Amino acid sequence: MRERKSGFEHIDWWLVIIFLLLVTIGWINIYAAVFDENHISIFDMHVKYGKQMVWVLSSLFLGFIIILIDGKFFSQFAYLIYVIFIILLIAVIFFGKEIYGSKSWFMFAGIALQPGEFAKMATALALAKFLSKIEVDLRKRNDLFAALGLIFLPAFLIFLEHDTGSALVFLAFIFVLYRGGLSEKLVIGLVLVPLLGVISLLINKLIILGALFMIALLFFLQSKRKFRDIFLISLIYLASVGFVFSVNFAVNHILEPHQRIRINVLIGKDLDLQGAGYNVNQSLIAIGSGGIWGKGFLKGTQTKYNFVPKQSTDFIFCTVGEEWGFIGSLVVIGLFIALLVRIIIVAERQRSKFSRFYGYGVASIIFFHFTINIGMTLSLIPVIGIPLPFFSYGGSSLWAFTIMLFIFIRQDSYRYELL
């Protein structure tokens, strides 16, 4: 039985307040990143901060509309929304516009929209819908493969658009699967896979193969059921060997040259401060020059003289570090952590499994973007070109994250209608 109430009646204002703070601080830093004394008005549509203001206002309107929608709408039409965006991802491969080497944009009256950004929200909805079914058990192979299919289909289509960074974001849904009952051992194994990949790029393959063999032998000797476990141990060993060779093949023959160079720069195999390593090096200089308190608003020299490319998008955090310093950076990071913690708290109080799993999907995507983007600016992670949520310049990103978050806010207020 359900009692109809206004979506605003039980809205979680903490999530709304944190969202508004992040969007506002993000816009201020976009203003600082591209400020030009020849363009003073914040509504000047010839510059990015004027355009971003329009995106911010339209995002607030979208959030308002979502709160008015019936709470059961997103659960009932989750699969349909997912299918629509799968179709759009296919269409953009053939009819999209190529920007920065990625054919992942639709152009409408001079406005570029990226369906891949919205596909993350659609996947979160579809995965939550699937996991909320009573009969679904991720310990069953068919259910696990079905869940992985929902995740990797859009990721694969985005990869075909040559947008590797956005495709990698879908790996974040591993946290949703874990909350849905995925084995801890399998999660740990999936986490160790990237580590093995990095090691295979740093160390001679023969040394790695020898180490893997010794590890497999150690497990075999400690096994109480040697003849029963030898097949499994051998299978894991062979899979690890195949993975080591496939990583090297992928890096050297599949990745684009600029992506390969970025990885080699990050792991220390190459030092290219004038080429692939230029962005990151300038980013570190900008953040480091801010000191404890920063240089002050609109006083960042790295910003003013455009030393850091893409400072209003992928490297927007540099502006925070340079102009607001270590303290300002802590405030921004603290707001993101507060947002993630609040989403998890709200997700755990849901009466609906769909809302709970969707909340974890939202938290996972924001966490991945937040961690990778700031990691890029600090030279901890390869530059893969994904925006900082609610901060980076761009309409598609801001709209997508706003819609994703406010659907969750609406689902939370809807829980009071479930008796």
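In which sense, left-handed or right-handed, does α4 cross α6? Keep that in mind for a moment. This is a predicted model.

Start with the pair itself. Helix α4 covers residues 78-95, and helix α6 covers residues 141-160. Their axes lie 9 Å apart, at an angle of about 20°. Angles under 35 degrees count as roughly parallel, so α4 is roughly parallel to α6. And the crossing? It is left-handed, α4 passing α6.

Who makes the contact? From α4, Tyr 82, Ile 86, Leu 89, Ile 90 and Ile 93. From α6, Gly 149, Leu 150, Leu 153, Pro 154, Leu 157, Ile 158 and Leu 160. By class, the α4 contact with α6 counts 11 nonpolar residues, one polar and no charged.

Second pair. Helix α1 is residues 13-34; helix α17 is residues 395-414. Here the axes come within 11 Å and cross at roughly 170°. Over 145 degrees counts as roughly antiparallel, so that is how α1 runs against α17. On the α1 side, the contact residues are Leu 15, Val 16, Phe 19 and Val 23. On the α17 side, they are Leu 398, Thr 402, Leu 405, Phe 406, Phe 408 and Ile 409. The class count for α1 with α17 is nine nonpolar, one polar and no charged.

Last item: helix α15, residues 316-348. The helix has 33 residues, yet its end C-alpha atoms are only 32 Å apart. A straight helix would reach 48 Å at 1.5 Å a residue. Where does α15 bend? At Trp 324, by about 130°.

Definitions and conventions
Residues numbered from 1 in each chain as written. Predicted model: local features only at pLDDT ≥ 70, side-chain atom pairs only at ≥ 80, totals over all residues. Heavy atoms only, no water. Axes fitted to C-alpha atoms, helices over the stretch in contact; angles between N-to-C directions. Helix = DSSP H or I, 4+ residues; strand = E, 2+ residues; numbered from the N terminus. Parallel < 35°, antiparallel > 145°, perpendicular 65-115°, else oblique. Left-handed = near helix turned anticlockwise from the far one by under 90°. Contact = heavy atoms within 4.5 Å. Nonpolar A, V, L, I, M, F, W, Y, C, P; charged D, E, K, R; others polar. Expected span 1.5 Å × (residues − 1). Bend = angle between axes of the 7 residues up to and from the residue.
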